[in-house]
Amino acid sequence: GVPGVPAPPRAARGGGDARAARISVRAGNNPFDATSGAAKRAADTVSDKAKSFWNDEVLGAKKAMERDASKKPGADVRATVDVTLEQSVLGAEVPLTYSRRCVCPTCGGAGRLPQTFIDCDTCEGNVGLVSEDVSVTVSVPKGVSNGATLRLRDQGDEGSPPGQLYVTVRAAAMSAGAAVARDGNDLISRDIVARFPKAGEPTSVRVRTIEGEWGNLTVPKDAKVGQALRIKGRGAPVKPGADERGDHLFVIGKIVVQEPNEGVEEDA
């Protein structure tokens with residue numbers, strides 16, 4: 001070099017100081033490293049959104065398509081019908097109005113508007129069914145007992161197949177005015193008045209059956225208050241629908257003896 005003039009610095013190999021030029025890459029700080037915190041959080045966010053979309057949209061749509069109420073079995077329905085004593089003994093056709101769920105007329109049971117996944121506002125809870133009052137005729141068999149259950153096929157909630165309608169019979173134990181009461185298979189009429197034109201001779205009383213027919217029953221001359229006169233086979237059927245019937249009993253509640261110029265009464 002020239003005396004008194006400092007020598008120029010040596011040129012760094014490879015274009016400069018290797019240590020200064022080197023890019024320091026430390027674990028976890030590489031922005032291209034998929035394991036870095038920011039990238040992982042971003043990836044998790046995308047994954048969560050994808051799962052949410054899948055659950056809310058795809059699976060939700062699939063469930064909506066599968067909840068067609070018209071293709072599911074209809075639920076059973078229960079109701080109660082009141083019948084008179086005469087109807088329970090002789091049988092009757094009794095009208096009944098009850099509530100059941102029918103396929104929604106707006107969405108056809110899908111629970112969503114046609115060609116969309118928008119929930120139907122007409123259905124109850126978007127299940128494809130709506131409540132409706134329905135009127136039917138219940139065939140009450142003769143001899144039915146209070147508390148018996150009758151089944152009306154396919155009259156429950158609509159579906160595939162429809163549900164069943166189970167009707168509980170609430171039968172009156174007495175006729176109007178309590179003239180006739182039921183005791184098992186027998187019918188009982190009380191407070192019958194027996195009038196004897198002359199003591200020591202038999203008489204007769206006029207009675208009415210559950211069918212509404214009138215007839216005369218012979219009262220023996222020695223009849224007592226509390227004694228029952230019987231018409232066989234005019235009671236209630238021994239079982240629902242049976243032709244065999246119990247008896248109708250007419251219980252004497254009062255005896256009147258009508259002698260000329262005098263009368264003797266005997267009460268219970």
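The side chain of Arg234 meets that of Glu213 in a salt bridge, with 3.2 Å from N to O. A salt bridge here is a side-chain nitrogen of Lys or Arg within 4 Å of a carboxyl oxygen of Asp or Glu. This pair links distant parts of the chain, 21 residues apart: Arg234 sits in the loop between β10 and β11, and Glu213 in the loop between β8 and β9. The strands named here are DSSP runs (E, at least two residues; helices would be H or I, at least four), numbered from the N terminus.

Before going further, a word on the model itself: it is predicted, so to speak of local features needs pLDDT of at least 70, side-chain atom pairs count only at pLDDT 80 or more, and totals for chains, interfaces and linings use all residues. Residues are numbered from 1 along each chain as its sequence is written, and side-chain values use heavy atoms, with hydrogens and water left out.

Back to Arg234, which also forms a salt bridge with Glu211, the closest N and O atoms being 3.4 Å apart. Once again distant parts of the chain are linked, 23 residues apart: Glu211 lies in the loop between β8 (203-208) and β9 (214-219), Arg234 in the loop between β10 (228-231) and β11 (248-259). Both glutamates count as partly exposed, Glu211 at 29% relative accessibility and Glu213 at 41%. If you widen the view, you will find Glu211, Glu213, Arg234 and Arg245 linked in a network of salt bridges.

The structure holds 7 salt bridges. Another one to look at joins Arg101 and Asp157, whose closest N and O atoms are 3.4 Å apart. Arg101 belongs to strand β2 (residues 92-103) and Asp157 to the loop between β4 (149-152) and β5 (165-171), so this pair ties together parts that are 56 residues apart in sequence. Leu96 and Thr80 are 16 residues apart in sequence, and their C-alpha atoms are 8.4 Å apart in space.

Now follow β4 and β5 into a sheet. This is an open sheet of 3 strands in the order β1-β5-β4, with mixed pairing; two strands pair if DSSP finds at least two bridges between them. Strands β1 (77-83) and β4 stand at the edges with a single partner strand each, so one side of each is left without a neighbour in the sheet. From one strand to the next the twist averages 30°, where axes are lines fitted to C-alpha atoms (for helices, over the stretch in contact) and angles run from 0 to 180 degrees between N-to-C directions. Strands β4 and β5 run antiparallel and are joined by 4 bridges. Arg151 has Tyr166 in β5 as its bridge partner. Tyr166 is partly exposed, with a relative accessible area of 21%. The C-alpha atoms of Tyr166 and Arg78 are separated by 4.8 Å, although these residues are 88 apart along the chain.

Finally, turn to the pockets. On a 1 Å grid over the protein atoms alone, a pocket is an open set of points with protein on both sides within 12 Å along at least five of seven lines, while a cavity is a set where a 1.4 Å probe fits but cannot get out; lining residues have an atom within 4 Å of a point. Grid points are joined across faces, edges and corners, and a volume is the space filled by probe spheres set on the points.

The largest pocket holds about 180 Å³ of space. Its lining has 14 residues, with Ala179, Val180, Ser189, Arg208 and Thr209 nearest the centre. Strands β7 (186-196) and β8 each supply at least two residues of this lining. By class, the lining has 8 nonpolar, 4 polar and 2 charged residues, where Ala, Val, Leu, Ile, Met, Phe, Trp, Tyr, Cys and Pro count as nonpolar, Asp, Glu, Lys and Arg as charged, and the others, Gly among them, as polar.

The second largest pocket has a volume of about 150 Å³. Among its 12 lining residues, Ala69, Lys72, Arg101, Val127 and Leu129 lie nearest the centre. This lining has 5 nonpolar, 2 polar and 5 charged residues.

Conventions: Buried means under 20% relative accessible area, exposed over 50%, partly exposed in between (1.4 Å probe, protein chains only).
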